[in-house]
Amino acid sequence: EITPVTGVQTCALPIYNVKISGQELEFACEEGDTILRAALRAGVGMPYECNSGGCGACKVEVLNGEVENIWEDAPGLSPRDIKKGRKLSCQCIPTEDLEIKVRLNPEAMPLHKPIKGKAVLFEINKLTEDMAEFCFKTEHPAHFKAGQFALLDFPGITGSRGYSMCNLPNEEGEWRFIIKKMPDGSATTTLFEDYEVGAEIVIDGPYGLAYLKPEIPRDIVCVGGGSGLSPEMSIIKAAARDPQLSDRNIYLFYGGRTPSDICPPKLIEADDDLRGRVKNFNAVSDVETAEAAGWNGDVGFIHELLGKTLGEKLPEHEFYFCGPPPMTDALTRMLMTEYKVPFDQIHYDRFY
């Protein structure tokens, strides 16, 4: 928990204290944990998005004390940041007590404090040739908000990987992820080729700010590409089951490179709550493959299909999306510049 400097949190493991400059506030960081993860575990609203070194949202200045930087070349820091001595809190592990300078973000205060623990793979459901649902179970409940992600650590593979849950929170400790096998991806290659039921990993979560906000009085639009389908499935499931959203339209737009990538129709049809409730639109971007496969659906990029479908009504909607950076960049530009959608109606976590 957050404590004033006169009463520091205690822990069985070796800990370092991290003090936030200019505030009567400090938190404990277990040995080996990053500044960011420790802050969120303590309920501190540390600014962040990806939690993996790419976005740069979690930059801090270390005023006193030493840290171990676990990714010196993380793209989240610009040459100017490095020159000014800024560091990424998601990539810094304290090696002694610290004092840092950071502007906290109340919106980043975790609704569910992240927990790190062992997880066992209990089920694998193949969705396409290179995409599957991997299902893990932890000893503690799976408490999260629809749309959030967890960090997965695989034995023998350096660095955590962020994947979004596709299921709903539950007391049984089930964490389900729709994951796409990436070319030359060490983690996904190992997961798809070597992992079997019974394998163990470490799950740390939940994280992420692009979760469903049911109190917002607008129709819901989810947009995904690749593994970005996972959090959107969680969001539409939560929205379809929420009584306060019963009069809300729910849209799912999903884009793939080829027709074999398009699996949302089957997933929606298999779910009693989603069937007939979610309006699903799909697009294939590879024109030649689409023609060769006899694809009779839309061809092009998914943000183009979104614009064509909802057009001038886009500002009346709330947007949640996840996918490859080119997709999220194009979608954000289109919504904000062409249709003047306010930025606070757009929700996504940046991954690079």
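**Starting from Leu121**

Setting aside neighbours within four places in sequence, Leu121 makes contact with Phe134, Cys135, Phe136, Tyr195, Glu196, Val197, Gly198 and Ala199. Keep in mind that this is a predicted model. Leu121 sits in strand E8, which covers residues 115-128. Its relative accessibility is 1%, and since anything under 20% is called buried, Leu121 counts as buried. One of its contacts, Glu196, is 75 residues away in sequence, yet the two C-alpha atoms are 7.3 Å apart in space.

Next stop, strand E10. Five of its five residues are buried, so E10 is largely enclosed by the rest of the structure. Phe149, Leu151 and Asp153 point one way, while Ala150 and Leu152 point the other way. E10 also has strand partners: it pairs antiparallel with E11 (residues 161-164) over four bridges, and Leu151 has Gly162 as its bridge partner there. Four bridges also join E10 to E13 (residues 200-207), again antiparallel, with Asp153 partnered by Val202.

Now for the cores. The largest nonpolar core has 30 residues, and Phe27, Ile35, Met46 and Ile100 touch the most other members. E10 turns up here too, as one of the elements that each supply at least two residues, along with E1, E2, H1, E3 and E7. Helix H1 gives the most, with five residues.

Zoom in on Met46: beyond four places in sequence, its contacts include Phe27, Ile35, Leu36, Val60 and Ile100. Finally, there is a second, separate core of 26 residues, with Ala146, Leu212, Ala240 and Ile262 among them.

Key:
Residues are numbered from 1 along each chain as its sequence is written. This is a predicted model: local features need pLDDT of at least 70, side-chain atom pairs count only at pLDDT 80 or more; totals for chains, interfaces and linings use all residues. Side-chain values use heavy atoms; hydrogens and water are left out. A nonpolar core is a set of buried Ala, Val, Leu, Ile, Met, Phe, Trp, Tyr and Cys residues joined through side-chain atoms within 4.5 Å. Buried means under 20% relative accessible area, exposed over 50%, partly exposed in between (1.4 Å probe, protein chains only). Contact means heavy atoms within 4.5 Å. Two strands pair if DSSP finds at least two bridges between them.
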